[in-house]
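Here's a quick tour of some charged pairs, a helix packing and a couple of individual residues. Have the structure open as you read.

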Amino acid sequence: MSKIVLKGNIAFTPTKEKFQIHKNSYIIVEDGKVVDICSELDKSYKDYTIQDFSDKLIIPGFVDLHLHAPQYPNRGLGLDKELIPWLETYTFPEEGKYSDLDYSRKVFSRLINELWRVGTTRSGVFASIHKESTKLLLDMFIESGLGAYVGKVNMDRNTAPYLTENTRASIVDTEEIIKEYINKSSLVKPIVTPRFIPTCSEELLESLAGLAIDYKIPVQSHLNENKSEIIWVKELFPNSENYASVYDDFNLFGQTSTIMAHCIYNTDEEIDLMAKNGVYAAHCPYSNYNLSSGIMPVRKFLNKGVPVGLGSDISGGNSLSIPNIIAGTIQASKMAWLNSNKELAPLTFSEGFFLGTKGGGSFFGKVGSFEKGYEFDALVIDDSSLSDINELSIEERLQKFIYIGDDRYIVERYVKGRRIEKPFD
C-alpha cells in the first residue's frame, strides 16, 4: 500500500460556496485516496513518505469535461466563423486525417503533454470516427497516467463524405472499443460519443443508447450550442418537444452518466430535464465566445441543481488551461448577469474554482476535492514569484494564480496518489 504525506497550504472547495483552507498542514494519502488533513503529524505516520512543500499551495487537479483531441492542431484557426461553417471549413478536414496512425500519435502526444503541463488531471475527450486512432488515444492516456473518458465519435449522415460512417460499421467499431477498454484501466475508460443529433440517424442513436445501457458506460455529446443548429434539429425531429428531449427519447440523456457540452440556449424545460436526469453541463466559455455562439447562463443551471463542469472545447476554444477557463467562466457569468437585468448573480471565485475541480471531477467519482475518501488528484503550486508587496491570504494567492499565473508555477502533479512526470518526449 502506497503511503504518502504532503505538507503545504492546502485549499479546495467541498462545496461551491467557499474554500476550505489548511495553512501549513499535512494531507495524508493511502492507496491513492485522501485519509486525513491535520496541522500536526501524528507519530503513526512516521514511516510514510513525506514531501515538504512548505508555503506552496496544494490544490486539486483540474478537470476538462469537453475537448476534441483531433482538433488540437487547429487551435487558433478559423475563429472568425460560426459553428457550422467552422466545422465544414476547418474541423472536418482536420478530423479526416486520423486514419493515419503516425499522424495521430504526433498529435496525441503533444495534446497529452499539454494537458499534463497545464495541470489537467482528468478529461472528457472526443476522438475521431476512426477505430484504431481512438484505441491509440486510449492507450496513450493509459500510458500517461492521466485520467480520461475517451470516445470514438459516431456520425453516419449530414457530414463530409470522408467522415460519414456506415451505420452498422460505426456500431460494431464502438462495441469493439468498449469491450477492449471497459476494464483495461481504472483511470481511462470508453464513453459513447454521438457527435450531435444532426449527424446521427435514428438507427445509430438507438444502437448507441443500447451499448451505453448494456455495458453501463457513460455518454457525451453537444446540446444547444448554436441557434442554427437548434433549428436544424427541430427540422430533423419535428415530433420531439425540444433538442434535449431528442436525446432523452433515444435514452441518451442520463440513462447512464451523461455530459452535454455548451447548453447555451436550453429552455427551462430542458434545464429541468437535465436536473431530473442528473445530466452534466460542460460549460465552454472560450469556444462560445470564439464561434459567436452565446453565453451559457450558468447560474440558472446551478440554481436548478444541474451538475456543471468546465470544458476547453479545443479547438473552438483557444486554450487548454482550466485556470484560464475558470477566469473566463466568471467573466462570462458577469455578462449573463448584466444581460438578465442583474437577475442571474455572477459566479464567485470559489464557485468558478469548484466548477473546474469538483464540479467536473464528480463525473469521475470522488474526484476534484480533498475530502476523506477522495482520489488524490493534486497540483503543487509555487507562487512565490507572484507574491505581492502586501501579505496575501491563501485564497487571495490562489486567485492570483488562477487569473495571472500559468503552468510555469505548477511544480508537481499527482493523479490518484501517483506523481506524474511529463508523459511523452
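## A network of charges

K131, E132, K135, D173, E176 and E180 are linked in a network of salt bridges. Keep in mind that this is a predicted model. One link to look at is E132 with K131, where the closest N and O atoms are 4.0 Å apart.

How many salt bridges turn up in a search of the whole structure? The count comes to 27. Two more of them get a closer look below.

## R397 and D55

Let's start with R397, which sits in helix α13. Its side chain meets that of D55 in a salt bridge, at 3.3 Å from N to O.

R397 has a relative accessible area of 13%, so it counts as buried, whereas D55 comes out as partly exposed at 46%. Leaving aside residues up to four places away in sequence, R397 touches N9, D55, K56, L57, D383 and L392.

## E114 and R75

Next up is E114, which forms a salt bridge with R75; here the closest N and O atoms are 3.3 Å apart. E114 is part of helix α2 (residues 101-117), and R75 is in the loop between β5 (62-68) and α1 (83-95), so this bridge ties together parts that are 39 residues apart in sequence.

Buried or partly exposed: which is E114? It's buried, at 12% relative accessible area. R75, on the other hand, is partly exposed, with a value of 32%.

## Helix α4 against helix α5

Now for some helix packing. Helix α4 (residues 167-181) and helix α5 (residues 202-215) pack with their axes 10 Å apart and at an angle of about 15°. Angles under 35 degrees count as roughly parallel, and α4 and α5 are therefore roughly parallel to each other. The crossing of α4 past α5 is right-handed.

Which residues meet here? From α4 you get T167, R168, S170, I171, T174, E175, I178 and K179, and from α5 they meet E203, L204, S207, L208, L211 and Y215. Sorted by class, the contact of α4 with α5 has six nonpolar, four polar and four charged residues.

## V279 in its loop

Last stop: V279, found in the loop between α8 (268-277) and β13 (280-283). Is V279 buried or exposed? With 0% relative accessibility, V279 counts as buried.

What does V279 touch, not counting residues up to four places away in sequence? The list runs F253, G254, T258, M260, M274, V306 and P307. For a sense of spacing, take V246: V279 and V246 are 33 residues apart in sequence, and their C-alpha atoms are 14 Å apart in space.

Note on methods: Residues are numbered from 1 along each chain as its sequence is written. This is a predicted model: local features need pLDDT of at least 70, side-chain atom pairs count only at pLDDT 80 or more; totals for chains, interfaces and linings use all residues. Side-chain values use heavy atoms; hydrogens and water are left out. Buried means under 20% relative accessible area, exposed over 50%, partly exposed in between (1.4 Å probe, protein chains only). Helices (H or I, at least four residues) and strands (E, at least two) are DSSP runs, numbered from the N terminus. Axes are lines fitted to C-alpha atoms, for helices over the stretch in contact, and angles run from 0 to 180 degrees between N-to-C directions. Angles under 35 degrees count as roughly parallel, over 145 as roughly antiparallel, 65 to 115 as roughly perpendicular and the rest as oblique. A crossing is left-handed if the near helix is turned anticlockwise from the far one by less than a right angle, and right-handed if clockwise. Contact means heavy atoms within 4.5 Å. Ala, Val, Leu, Ile, Met, Phe, Trp, Tyr, Cys and Pro count as nonpolar, Asp, Glu, Lys and Arg as charged, and the others, Gly among them, as polar.
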